[in-house]
Amino acid sequence: MYDTDVLVVGAGPSGLTLAASLVSRGIATIVVDAQAAGSNTSRAAVVNARTLEVLEDLDVARRLVKEGIQAPRFTIRDGSRTLIPVDFSVLPSAYPYSLMVPQSTTERLLLDRLTELGGSVIRPKTLTTIDQDPDGVTAVFDDGEAIRARYAVGADGIRSTVREHAGIGFQGGVYDESFTLADVRLAGDAPVDEVILFWAKAGLTVVAPLPGGIHRIVAPVSEAPEEPTAAFVQQLLDERGLGEGRMIVTDVVWGSRFRIHHRVADTYRAGRLLLAGDAAHVHSPAGGQGMNLGIQDAVALADALVAVLAGAPDAVLDDYSAVRRPIALGVVKMTDRLTRLATLPRAGRPIRNIAIGLAGRLPAVRLGLARQLSGLVYR
Ligand SMILES: Cc1cc2nc3c(=O)[nH]c(=O)nc-3n(C[C@H](O)[C@H](O)[C@H](O)COP(=O)(O)OP(=O)(O)OC[C@H]3O[C@@H](n4cnc5c(N)ncnc54)[C@H](O)[C@@H]3O)c2cc1C
């Protein structure tokens with residue numbers, strides 16, 4: 001006897017996408033999350049073109065586009081000099097831009113869709129152990145309840161309980177630098193439809209527009225405060241040549257600091273246990289790929305599970321792992337390169353900027369970056 005076909009552990013963007021995709025195709029699905037309510041912080045702010053494409057069938061792409069800001073350009077600058085202009089508007093996609101939208105909005109729209117389709121999230125409910133046998137999985141929760149399912153998916157983030165119980169390794173490490181992240185209100189010369197990565201000698205800073213007149217500032221710093229103040233962010237912009245009358249921080253709406261891990265699970269499948277999203281891969285937010293990869297994993301995994309539940313051979317689930325894992329390894333490599341370049345010791349920065357400026361003159365480099373950052377390279 002099964003309680004459900006698929007148990008999804010975790011209702012972040014990956015779990016919600018997976019659950020909505022499964023429910024939309026008539027698969028019995030139970031979703032649980034340890035938190036009493038969905039998180040309302042902005043975190044991942046970029047939804048790329050490929051993610052919007054894969055969310056079309058769920059009817060979520062259209063809703064996201066309505067709530068986000070379209071940023072058709074991404075530029076790397078050294079002061080006022082543009083080193084690499086990346087133009088998404090030339091891409092062959094219905095979404096030739098980065099969509100800037102807070103993660104809380106993305107999660108809300110995914111949850112709305114899941115609810116419309118007749119699904120729901122059971123919360124707070126924390127998975128404590130999960131075991132499998134040849135016929136199914138048995139999950140036990142903090143309230144003592146057990147749920148029996150044909151398959152279970154760990155969409156339960158970086159400290160995945162499912163991954164741990166499946167005995168799947170999570171190799172990698174953590175960068176030395178910490179990052180400050182602040183959503184602020186800015187007066188002055190702030191970009192409205194462009195994401196800018198400033199590579200000053202004093203260090204890197206990303207400035208990106210978000211809905212509601214808010215701007216996202218991200219910067220590596222040696223000791224980031226737990227919650228950045230307006231004065232701290234202003235000092236950071238000043239030191240990196242972006243303040244002094246150009247950008248004035250008037251208010252910090254939300255701020256955080258984070259250390260960056262770079263890890264990929266050894267496999268995304270151990271029998272009837274599967275992984276998706278941060279449970280399977282974590283890496284630097286340089287390039288804004290994290291949540292996008294997780295949502296794309298979820299859509300691919302839904303296809304695989306629907307096929308297997310309809311009688312396709314189990315090997316389809318191995319294909320899911322075999323296809324998605326190398327993509328995460330590639331993203332870890334790309335974001336690692338970007339992060340190392342961004343956090344290069346001061347002495348190396350002028351040469352780095354010259355080299356990047358030269359590379360940025362090559363149309364193939366610019367197009368390659370646009371395809372990579374938009375995720376269209378993974379079609
Ligand atoms: C401060 C911050 C800033 C970030 N900024 C960016 C950014 O700028 N760009 C970017 O791409 N990414 C960013 N990220 C990362 C991004 O938020 C993640 O990649 C994304 O949330 C991954 O989605 P997910 O659904 O895979 O996992 P998560 O969002 O981590 O969701 C996992 C869910 O599982 C639940 N859960 C965990 N364990 C259990 C359990 N045992 N039982 C039941 N439920 C459980 C948790 O409560 C959680 O809701 C940021 C993250 C943070 C924290």
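Which residue in strand 15 is the bridge partner of Asp-183? I looked it up and found Arg-216.

A note to myself on the ground rules: this is a predicted model, where local features need pLDDT of at least 70, side-chain atom pairs count only at pLDDT 80 or more, and totals for chains, interfaces and linings use all residues. Residues are numbered from 1 along each chain as its sequence is written, and side-chain values use heavy atoms, without hydrogens and water.

**Strand 12.** I followed residues 170–188 and saw antiparallel pairing with strand 15 (residues 214–221) over 7 bridges; pairing takes at least two bridges found by DSSP. Ala-182 stands opposite Ile-217 of strand 15. Strand 12 also runs antiparallel to strand 16, joined by 16 bridges, and there Ala-187 has Ile-248 as its bridge partner.

**Ser-178.** Is Ser-178 buried or exposed? I found Ser-178, in strand 12, to be buried at 8% relative accessible area (buried is under 20%, exposed over 50%, partly exposed in between, with a 1.4 Å probe and protein chains only). Its side chain reaches the backbone nitrogen of Ala-224 at 3.2 Å. Leaving aside neighbours within four places in sequence, I listed contacts (heavy atoms within 4.5 Å) of Ser-178, including Pro-220, Phe-258 and Arg-259.

Methods
Helices (H or I, at least four residues) and strands (E, at least two) are DSSP runs, numbered from the N terminus. A polar contact is a pair of N or O atoms within 3.5 Å; within protein, one must be able to donate a hydrogen and the other to accept it, and residues adjacent in sequence count only if both atoms are side-chain atoms.
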